[in-house]
There are 2 protein chains.
Amino acid sequence: MSGNRRRSLAVGVLGGMGPEATVDFMARVLAATPARVDQEHIRMLVDHNPAIPDRHAAIAGTGPDIGPELAAMARGLEAAGADFLVMVCNTAHAYTEAIRTAVSIPFVSIVDVVMAAVAEYPAAAVGIMAADGCLQAGLYQRALAAAGREALLWTTAEQQRFMTLLWRIKAGERGPEVRAGLQALAASLEFAGAELLLAGCTEIPLVLEQGDTGVRLLSSTDLLVRHTVALALTPTIQQE
Amino acid sequence: MSGNRRRSLAVGVLGGMGPEATVDFMARVLAATPARVDQEHIRMLVDHNPAIPDRHAAIAGTGPDIGPELAAMARGLEAAGADFLVMVCNTAHAYTEAIRTAVSIPFVSIVDVVMAAVAEYPAAAVGIMAADGCLQAGLYQRALAAAGREALLWTTAEQQRFMTLLWRIKAGERGPEVRAGLQALAASLEFAGAELLLAGCTEIPLVLEQGDTGVRLLSSTDLLVRHTVALALTPTIQQE
């Protein structure tokens, strides 16, 4: 109607897994967008759906399959006008195929985005800080093996300690005790030889920051934020 | 399938006006929800659409009509599964009718929610802290008159000062200078006789808190948050 207008792409966000991580992602997207007025920000269509059943139980086969629900969320976001999709939860990426086959728009995998960043570091051994389901699905272990890197994991006891901290973060705890717990777990991977750490769980950056670890900590949240903003702001001229 | 499950209602959020206010609203919804695990949080379907043109210009008649765009957002949220709608922007409530006629689900007006709270205070004179378009549309002036309260407004110069602060907040400023500016504007309404203040703009609580003013400050954001959570958690038993 009013001629050509430069506009950004709309990102569809599969969220609510967990809630704080989704709002954290959105806040970081705003902070990472070079905008002085509302209209320079990017459109986010968000399905903040915390009712999605436990991901770890689903992957372990002890809970209901969540693939159909994630596919329905993806279809809903496409129908609402999303140009591409992201999901603010590493573990749920075990269902990447279910999402990709449900829609005709691109689904940007957080694992791919993290691995693109890993490629920039020469680290031979990479420590994976991730939740049970993410590890059981082998998301980062497979990707690191394909990239010729060694994946370092926690011991069973350490992994259980991480899950306890994760539930505490989800329950609203972000204090020094939880942070110290995560720091100790990060240090343990460094002690085992990790030259690079992956925060492969979007709850980790709610508590642990760059500088809390001895070696570089790659935040999957921040990497997805940066990729999302760059993709959304890819200049497109659209006929109005 | 698995029998009855207690679940919450899904709230559809017309957002992005502005972006920070929407994320602030979502964060406050999480904080106000009594949840220990993800699944106890409420579902939010969010259309974070900062591309909506300037509301003040639209209301003044100097910019494009935004009613059709808000109606389209509302319809999209209904189609996505929202059980009721809210909008995180006082000024855009000038288009309440356009939204209500577009959907068959309830649209909870922030003005109604604020006025329900005003009713709990005996204040004869109420100071309105709001943006140009909100005032030009007379949203709170009409509601206060209907409630038998006197509405106190800023002088033209003060209103211009508020708008300058508002653009600075939208540009990312939240420092002591902006806060002091808002405090001075609040004090001016108190000096004029306001016994109660309305933060009738969702950017205000990004900077100004209860305690920054001499008389009670009603935050339209917090009141909408409380109402949204209460409504969403109204227990419903649904057949699975």
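Biologist: What is the handedness of the crossing of α1(A) and α1(B)?
Modeller: In this predicted model, α1(A) and α1(B) cross in a left-handed manner.

Biologist: At what angle do the axes of the two helices cross?
Modeller: The axes of helix α1 of chain A and helix α1 of chain B, residues 19–32 in each case, cross at roughly 165° and come within 10 Å. Angles over 145 degrees count as roughly antiparallel, and α1(A) and α1(B) are therefore roughly antiparallel to each other.

Biologist: Which residues meet there?
Modeller: On the α1(A) side they are P19(A), E20(A), V23(A), M26(A), A27(A) and L30(A). Their counterparts in α1(B) are P19(B), E20(B), V23(B), M26(B), A27(B) and L30(B). By class, the residues of this contact comprise ten nonpolar and two charged, with no polar ones.

Biologist: Turning to the whole interface, how many residues of each chain are in contact?
Modeller: Contacts involve 30 residues of chain A and 30 residues of chain B.

Biologist: And what area is buried between the chains?
Modeller: About 2700 Å² is buried between chain A and chain B, and carbon and sulfur atoms give 53% of that area.

Biologist: How many salt bridges are there between the chains, and how many over all chains?
Modeller: Between chain A and chain B the count is six salt bridges. Over all chains, the structure holds 22.

Biologist: Which residue of chain B does K170(A) pair with?
Modeller: K170(A) forms a salt bridge with D38(B), and their closest N and O atoms are 2.7 Å apart. A salt bridge also links D38(A) and K170(B), with an N to O distance of 2.7 Å.

Biologist: Where do D38(A) and K170(B) lie?
Modeller: D38(A) is in the loop between α1 and β3 (44–48) of chain A, while K170(B) is in helix α8 of chain B, so the pair joins two chains.

Biologist: Staying with α8 of chain B, how does this helix pack with α9?
Modeller: Helix α8 (residues 156–170) and helix α9 (residues 176–191) of chain B pack at about 150°, with their axes 10 Å apart. That angle makes α8(B) roughly antiparallel to α9(B). The crossing of α8(B) and α9(B) is left-handed.

Biologist: Which residues make that contact?
Modeller: From α8(B), the contributors are E158(B), R161(B), F162(B), L165(B), R168(B) and I169(B). From α9(B), they are E177(B), V178(B), G181(B), L182(B), L185(B) and S188(B).

Biologist: How do the residues of the α8(B) and α9(B) contact divide?
Modeller: The contact of α8(B) with α9(B) has six nonpolar, two polar and four charged residues.

How values were computed
Residues are numbered from 1 along each chain as its sequence is written. Chains are lettered from A and ligands numbered from 1 in the order in which they are written. This is a predicted model: local features need pLDDT of at least 70, side-chain atom pairs count only at pLDDT 80 or more; totals for chains, interfaces and linings use all residues. Side-chain values use heavy atoms; hydrogens and water are left out. Axes are lines fitted to C-alpha atoms, for helices over the stretch in contact, and angles run from 0 to 180 degrees between N-to-C directions. Helices (H or I, at least four residues) and strands (E, at least two) are DSSP runs, numbered from the N terminus. Angles under 35 degrees count as roughly parallel, over 145 as roughly antiparallel, 65 to 115 as roughly perpendicular and the rest as oblique. A crossing is left-handed if the near helix is turned anticlockwise from the far one by less than a right angle, and right-handed if clockwise. Contact means heavy atoms within 4.5 Å. Ala, Val, Leu, Ile, Met, Phe, Trp, Tyr, Cys and Pro count as nonpolar, Asp, Glu, Lys and Arg as charged, and the others, Gly among them, as polar. Buried area is the accessible area (1.4 Å probe) that two parts lose on being put together, summed over both. A salt bridge is a side-chain nitrogen of Lys or Arg within 4 Å of a carboxyl oxygen of Asp or Glu.
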